[in-house]
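Please load the model in your viewer and keep a selection panel at hand. The stops below are given in the order in which they may be selected.

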Amino acid sequence: MSRIGKSPITVPAGVTVTIDGDVVTVKGKLGELTQEVKDIAVKQEDGQLVLETTDETKAQKAKHGLYRALINNMVLGVSEGFTKELELVGVGYRASNQGQKLDLALGFSHNIVMELAPEVKVETVSEKGKNPIVKLTSHDKQLVGQVAAKIRSFRKPEPYKGKGVKFVGEVIRRKAGKSA
């Protein structure tokens with residue numbers, strides 16, 4: 001049995017959880033998320049969610065901790081939300097946004113304009129003398145991570161000078177350049 005799957009999920013005030021057969025719906029102040037749960041029983045008891053396996057097959061053992069983590073992320077997302085911050089390191093690298101359109105200047109011959117999903121809120125911070133930062137906020141952890149990974153894939157950090165799009169706090173393994 002999964003150690004993660006055994007631990008109960010505490011549902012904070014202001015969050016409602018609806019269990020309808022195999023579908024778990026979580027509503028909160030930031031939005032609503034649904035997840036289909038196969039082979040695992042989800043029970044709601046006095047402000048907590050408990051996930052239990054019906055039998056000890058290998059597939060159920062594998063899904064036990066997974067579904068617990070997914071539902072916990074849903075509860076955290078609709079109550080607090082998730083934020084990813086990306087830093088643009090490089091001369092002339094800029095970021096700006098108009099509503100849900102993110103405009104990135106990453107050293108290519110043209111700017112990259114990306115239309116973001118309405119669930120993801122984007123904010124760009126440009127201070128003089130500091131690298132531009134793109135802040136992505138959403139109630140859906142998977143979606144915010146996917147959008148951040150897509151933005152990072154436009155120009156991954158290179159190991160010699162560290163130029164590119166990186167997560168704030170990410171450590172880039174640096175290599176020594178050519179020795180004269």
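Select valine 89, which belongs to strand S7, spanning residues 82-89. The model in view is predicted. Valine 89 has a relative accessible area of 17%; because buried means under 20%, this residue counts as buried.

Next, display the surroundings of valine 89. Not counting residues up to four places away in sequence, valine 89 touches Asn131, Gly162, Lys163, Gly164 and Lys166.

Move on to histidine 139. Where does histidine 139 lie? Its place is in the loop that runs between strand S12 (133-138) and helix H3 (141-154). Is histidine 139 buried or exposed? With a relative accessibility of 11%, histidine 139 counts as buried. Its contacts, again leaving out residues up to four places away in sequence, include Leu30, Gly31, Glu32 and Leu33. Gly77, Val78, Gly81, Phe82 and Glu119 are also touched by histidine 139.

Finally, colour the two annotated segments. An unreviewed UniProt entry lists residues 11-81 and 89-166 under "domain: Large ribosomal subunit protein uL6 alpha-beta". Select residues 11-81: this stretch is 31% helix and 38% strand, with its end C-alpha atoms 14 Å apart.

Notes
Residues are numbered from 1 along each chain as its sequence is written. This is a predicted model: local features need pLDDT of at least 70, side-chain atom pairs count only at pLDDT 80 or more; totals for chains, interfaces and linings use all residues. Side-chain values use heavy atoms; hydrogens and water are left out. Helices (H or I, at least four residues) and strands (E, at least two) are DSSP runs, numbered from the N terminus. Buried means under 20% relative accessible area, exposed over 50%, partly exposed in between (1.4 Å probe, protein chains only). Contact means heavy atoms within 4.5 Å. UniProt positions are given in the numbering used here, feature names are shortened, and annotations may be inferred rather than shown by experiment.
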